[in-house]
Amino acid sequence: MATPTLDKPAGAEAGADHLVTVTFRIRRFNPEVSDQASWQDFELAIDPKERVLDGLHKIKWEIDGTLTFRRSCAHGVCGSDAMRINGRNRLACKTLIKDIAVLKDGRGTKPITVEPIQGMTVLKDLVVDMEPFFQAYRDVLPFLITEGNEPSRERLQSPADRARFDDTTKCILCAACTSSCPIYWSDGQYFGPAAIVNAHRFIFDSRDEAAERRLEILNDRDGVWRCRTTFNCTDACPRGIEVTKAIQEVKRALVTRRV
Ligand code: SF4
Ligand code: FES
């Protein structure tokens with residue numbers, strides 16, 4: 001695919017001494033044009049304190065409106081802009097240019113590569129089909145289940161009991177973990193780390209009464225036992241969740257049948 005020709009990089013303006021010139025190398029795919037994906041380079045003048053998401057916006061708004069990607073909150077909360085940036089899963093809205101570009105004399109020495117996350121069908125450019133991911137999430141019953149005995153006031157919980165699942169409440173369902181998992185790449189049937197993290201959040205909640213049901217679901221041949229403890233998921237999580245530890249705790253609960 002041809003590199004767009006510009007008189008000056010997008011975003012360049014008189015007196016903008018703080019800007020640097022970087023190349024975004026983006027994996028493009030449009031099934032209406034070709035069944036093959038290809039790389040396309042875009043040169044930008046950008047403040048290195050801006051984020052990869054800002055660079056993608058500049059490209060979309062100033063160079064090529066057909067560039068397709070998901071984002072919503074732009075502040076690390078919605079989880080919609082997980083991408084593979086310089087070969088690693090990250091949120092585009094939480095990744096600063098200065099942290100990933102090697103700059104020399106006001107220019108990036110290498111292109112910043114941006115690709116869709118792996119292991120999921122690419123629909124267009126950086127947008128993948130998230131439906132199998134969300135189906136696995138729904139399959140683990142990610143909501144509080146109780147069996148009658150409605151309390152007359154809120155369900156109480158000690159700070160120690162709350163702390164047992166605090167880490168896994170932080171998940172924003174970005175899929176960075178699941179799409180970095182080699183087991184998930186090799187066969188899309190595995191529930192994947194994100195679904196297990198969200199099962200963990202309720203299995204270890206002292207107010208919930210369906211831990212046994214969730215454990216049985218994850219005892220399936222496509223459940224927790226597929227995990228090979230590669231730690232890719234923990235490394236990929238933009239929320240810093242100890243994903244592998246959560247998976248280990250679910251495995252232990254399955255063996256001991258105690259939560
Ligand atoms: S566990 Fe982390 S990486 Fe995985 S979906 Fe949740 S926030 Fe994203
Ligand atoms: S756009 Fe919402 S997490 Fe990045």
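Modeller: Let's start with Thr 229, which is found in the loop between helix H7 (211–218) and helix H8 (232–236); helices here are DSSP runs of H or I with at least four residues, strands are runs of E with at least two, and both are numbered from the N terminus. Bear in mind that this is a predicted model: local features need pLDDT of at least 70, side-chain atom pairs count only at pLDDT 80 or more, and totals for chains, interfaces and linings use all residues. Residues are numbered from 1 along each chain as its sequence is written, and chains are lettered from A and ligands numbered from 1 in the order in which they are written.

Thr 229 has a phi near 55°, positive although the residue isn't glycine. It's exposed, with 11 other C-beta atoms within 10 Å (buried takes 20 or more other C-beta atoms within 10 Å, exposed 12 or fewer, partly exposed is in between, with C-beta atoms placed from the backbone).

Asp 125 also has a positive phi in a non-glycine residue, near 45°. Its place is in the loop between strand S8 (122–124) and strand S9 (127–128), but Asp 125 is buried, with 23 other C-beta atoms within 10 Å.
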